[in-house]
Amino acid sequence: MLEIRHLRSLIALADCGTLSRAAERVHLTQSALSHQLRWLESHYQMPIVTRSGRVLTLTRAGERLVALGRELVAEIQAAERDIAALSDKPSATLAGSSLAVTEHSFLLKSSCDASSLRPRTLHGR
């Protein structure tokens with residue numbers, strides 16, 4: 001089953017441009033992030049990225065999953081803000097067994113060097 005963590009990893013790849021920076025951003029090893037990519041490709045039975053040496057490029061399927069991830073993460077963040085506004089606890093978050101997104105995940109975007117951003121092309125290692 002597709003989980004928000006998979007989408008967050010793909011967003012990190014798209015934003016950071018390299019496997020190593022994306023792995024750091026989502027607090028995974030490069031090996032674990034590569035494992036997630038292989039799982040996604042196996043699950044959908046199609047490539048999510050194409051590999052040419054150390055260069056990774058999102059396929060159309062990968063681009064679609066990144067778009068989905070951005071939409072879902074934005075909706076979850078909005079829901080968390082709405083629920084927090086109803087609560088006496090301003091730091092309230094939604095959490096589930098496979099779904100947990102906090103404001104912290106959006107602060108991580110700054111951990112990627114802006115010079116490494118490349119549209120559609122991701123550089124491995």
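The following dialogue works through how to read several features of this predicted model.

Trainee: What should I know about numbering and confidence before I start?

Mentor: Residues are numbered from 1 along each chain as its sequence is written. This is a predicted model, in which local features need pLDDT of at least 70 and side-chain atom pairs count only at pLDDT 80 or more, while totals for chains, interfaces and linings use all residues, and side-chain values use heavy atoms, with hydrogens and water left out.

Trainee: How many helices and strands does the protein chain have, and in what order do the elements run?

Mentor: Helices (H or I, at least four residues) and strands (E, at least two) are DSSP runs, numbered from the N terminus. Here the protein chain has 5 helices and 3 strands, and from the N terminus on they run α-α-α-β-β-α-α-β.

Trainee: How much of the protein chain counts as buried?

Mentor: Buried means under 20% relative accessible area, exposed over 50%, and partly exposed in between, with a 1.4 Å probe and protein chains only. By that rule, 37% of the 125 residues of the protein chain are buried.

Trainee: Which residues touch the most other members of the largest nonpolar core?

Mentor: A nonpolar core is a set of buried Ala, Val, Leu, Ile, Met, Phe, Trp, Tyr and Cys residues joined through side-chain atoms within 4.5 Å. The largest one in this model has 24 residues, of which Leu10, Leu13 and Ile48 touch the most other members. Two or more residues come from each of helix H1 (4–16), helix H2 (19–25), helix H3 (30–44), strand S2 (55–58) and helix H4 (60–86), and H1 gives the most, with 8 residues.

Trainee: Why can H1 be called largely enclosed?

Mentor: H1 is largely enclosed by the rest of the structure because 11 of its 13 residues are buried; among them are Ile4, His6, Leu7, Asp15 and Cys16. After H1 comes Gly17, whose phi is positive, near 85 degrees.

Trainee: How does the length of a helix compare with what is expected?

Mentor: The expected span of a helix is 1.5 Å times one less than its number of residues. H1, with 13 residues, reaches 18 Å from its first C-alpha to its last, close to the 18 Å expected. For H4, the 27 residues should span 39 Å, and its end C-alpha atoms are 39 Å apart, which agrees.

Trainee: At what angle do the axes of H1 and H3 cross?

Mentor: Axes are lines fitted to C-alpha atoms, for helices over the stretch in contact, and angles run from 0 to 180 degrees between N-to-C directions. The axes of H1 and H3 come within 10 Å and cross at roughly 115 degrees, which makes H1 roughly perpendicular to H3, a word that covers angles of 65 to 115 degrees. The contact (heavy atoms within 4.5 Å) is made by Arg5, His6, Ser9, Leu10 and Leu13 of H1 and by Leu33, Gln36, Leu37, Trp39 and Leu40 of H3.

Trainee: Which residues other than glycine have a positive phi, and where do they lie?

Mentor: His27, with phi near 60 degrees, lies in the loop between H2 and H3 and counts as exposed at 58% relative accessibility. Gln45 is not a glycine either, yet has a positive phi of about 55 degrees; Gln45 sits in the loop between H3 and strand S1 (49–52) and is exposed, with a relative accessible area of 72%.

Trainee: Is Val55 buried, partly exposed or exposed?

Mentor: Val55, found in strand S2, is partly exposed, with a relative accessible area of 29%. The C-alpha atoms of Val55 and Gly17 are separated by 9.4 Å, although the two residues are 38 residues apart along the chain.

Notes. Angles under 35 degrees count as roughly parallel, over 145 as roughly antiparallel, 65 to 115 as roughly perpendicular and the rest as oblique.
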